[in-house]
Structure formats: structure tokens, C-alpha cells
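Try each task before you read its solution.

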Amino acid sequence: MLKFKRHLLLVSSFMIFNFFLFFIHPFFAYAKSISTPYGVLTDLGPKVRNISVNTSRAAMDKKGNCYLYMILHGTPTVLAVLDLNTGKVKKTFPLLDSTAAWAMDIDEGGVLWIGGTNKGSIYRFDPNTFSFKNFGNQLGGSKEVAIQDITHSNQKLFATTAYGANFFSFSKAKGKRVSGLSPLEPGKKFAKSIVYDQGSNTLFISLGAKANLLKWNLSTGKKEHILPLKYQSETYIYKMRIVNQYLFARMYPSEKIAVYDMKKNRFVAEFPASSIVSNKNPFKNEVYYTYKGKFYRFDLKTLKTYRTNLSLPPFTEAISLDFVKKKNGETVLTGLVDNDGRYYELNPIRNRLVIRKPTLPAQPVNLYTMTQSLDGSKIIINGYMSGGLCIYDVDTKKEIELKPVSQLETILVTPGKMYLGAYPKARLLEYDLASKWK
């Protein structure tokens, strides 16, 4: 009983330590031991590490090198720069202050810009110099918690946020926010996606829930809602992309893309799609997209879709789609297909598809659910969002990581068994402690 109480106190102290670590004083993240009113708390370090990729984009630098940029979920989240010519990660950069990131855009110089979560930091990676910079918190003084999306003009970034559907602009030259942080429309929670049309100096911003699409002419200041009534029952427009005179808007939760002609100022087409469209095929007047794991082409002249004979692995979709040219002269469409980091390369000339799996570094993740063994000798810890399970021996200070297992809402230890309440789909898992983990 005394040993049980000792380890129960350790668990309680560890939880208090994490409260201090993540919410009270960021300095504590760099300290190994901390004196508190509860005694000396020791930082035992990361216990759950996972490979989980949030999103990606592909682009080229000024020298013709091509890269796939992947955001690895973690504490902090990490930018992994994968060289598409070698298939290997060339370098990683921690996105301090962020545990995830979805907002990515690449400007006319090939520079990658990222908008983060937690504090809404802006990050820049320049592949031409291989330099990285964190411009810090852009959401100070507000209740906003994440940058949802970003787009760029020559001089600025334009960004949207959650959960108050706010908007701000950021000067690339000055490296700071140059506008106020203001809600786009009262009552909206999401400004999920944003794109900029340089020709008309116009922003298109997806609002939700329920969905609407704001067209904002920056030259005249005119704002108008342009989403037809039949789409306003959607939650929001998940992603958008401008190709030629067309704005492609991917609806959520339905699997469809609506096509808006910016010259005619009206929607002109609709087709089922599970992804957003690619940039323009360098060889033809068309874009690619996927639907239920199969690749399709959309003709920018006839506004018709054509199914290819190329398919991704079961239960996957193209998370991103970008055309790049490799050093061997091959032009490929590439992007992420799943959270494990697999990516595809599609050659539009040869009509050939290859799936590749790079070696990615596992990242420490936030701890979510924690309990102890019946004898109090081991602490059992689960990771947030991407899951993973660690069994830490208090006496030997050794740990074992058990994978794969998703995020756990509850962990119950009984004699010889461990029961796991798993997310999603409310799954109940049983693990026989005497058997090998599988």
C-alpha cells in the first residue's frame, strides 16, 4: 500500500508538472528539475513518439531542385524537407509553439510559408538558401488559437484563423503583422480557406459554419457573398485553388468541387472529388484530382472530367497535388497520400504512378491518458491525437513503446488484462498482459 501511494503521488506530481510545463511557464520545458510547493519535480522527457504527417506541399527552388515539404505532428511539430530527387529527408526544422500546422503556401520565389497552431506563429523556409525563420506569435491580444490558412501576394501574406473566423495581413519584408486581427463575419467560427487572385487583387475566403464564400476586392474594398444557396448547407469550403480564370472550391462534408469563373463572375461547373485540384499540367490545359482513390483530369477548356486508369492504395486520397520537375528531366505530379508519410509520383506523359515511403523521424507528442499498473511499478501513458502507448518502469527508468494504437480516452488495468477505450468509433480493446503485444 505504501508503494502504491508513493507512485500515485508520482502520477499526481507528474500531472501537475505537465500543467506547469505547458500552461504556466514555458521556461520549464528547458529545466530537468524544478522545486515547487509539492517537492522537487523531475522532467522525465518525452515518452510517446509517433510519425503522423498533417499535410504537405511540393515546389522547386530557383536552382531547379524539387522538394516535398511535410508537416510532422509533434510537440513541437516539425517541418521535414524531403528531396524528391533522392527520396530522403534533407533536413528538419522544429516549429516551436506549434503542435500541428495546416496552413502552407509557396510564393513566387519558391519560399515556403507556414501558419501554426497554439499561438498562431508564422514560419518561413527559403530553399534557395536553406534558411528557416520563426516570426513568432501573430495572434496576441485575441482569443484565436490557430492559423487556418494562408495565401500570398508579392508583399504580403493573408491569413485566416479559428475559432472566431478572423483575418490579418503580414508583411513579408517587415516580418510582422501589419493589420488588425478582426472577425470577417459575426457568428462565424471558421475562415477555413483563403486564396488570392493577383490579376484582380481579390481575396476569396471560405467561411463556416454554415458555409459561405466571401469575395473581397482589395482595390475597391467591396465585399460580397458569392456561394449559391445549394452549397450553403455545407459546413465550409475545405480547400480552394485558383488555376487560370477558375476558382476551385472543395466542399465539406460533401465530396464535390464547385468551379467559379472569375471572369464571368459565376459558377460554371461541379464534379465529385475527394481532393482539391492540382496546379496546371505543364503539358496540357488540365488539372488533376482524386475521387475515391482514383485519379481524374479536368479539362480547363471544355470543363469536363476524364477518369484515368491510375489509382492510389486502398482508403487513401491525394492530400496535396503539385507538379514539379525532377533533375532527371521527368515532370511528376506529387503529394502526400496518408498520415504515415507515403507519397505518390505520377508521370502524366507515361501515365505511370509510383508510391514511395520515406524514412521519417518520429516526433514526441503530447501525453493524453495516464494510469499505473496494479503494483504501482509502472506508469502507462498514451499520446494525444496520433496515439501510441508507453509503459514506463519507475524503478529501472526504462520504457517500452507499444504501437500501433490510437488515442485512448480511458485505460483500465485488471489482474492479467488491460482494457483500452479507443478513439475514434468508440472501440473497446483488450490486451492480455501475459502475451506478446501485437
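Two strands pair if DSSP finds at least two bridges between them, and strands are DSSP runs (E, at least two residues) numbered from the N terminus. The model is predicted, so to speak for local features pLDDT of at least 70 is needed and for side-chain atom pairs 80 or more, while totals for chains, interfaces and linings use all residues. Residues are numbered from 1 along each chain as its sequence is written, and side-chain values use heavy atoms, leaving out hydrogens and water.

**Exercise 1.** Find the residue that stands opposite leucine 247.

*Solution.* Start with strand E22 (residues 246-252) and strand E23 (residues 256-261), which pair in the antiparallel sense over five bridges.

**Exercise 2.** Count the disulfides, then check whether cysteine 66 and cysteine 390 are buried or exposed.

*Solution.* A disulfide is a pair of cysteine sulfur atoms within 2.5 Å, and the structure holds zero of them. For the second step, buried means under 20% relative accessible area, exposed over 50%, and partly exposed in between (1.4 Å probe, protein chains only). Cysteine 66 has a relative accessible area of 0%, so cysteine 66 is buried. Cysteine 390 is buried because its relative accessible area is 0%.

Terms used: Helix = DSSP H or I, 4+ residues; strand = E, 2+ residues; numbered from the N terminus.
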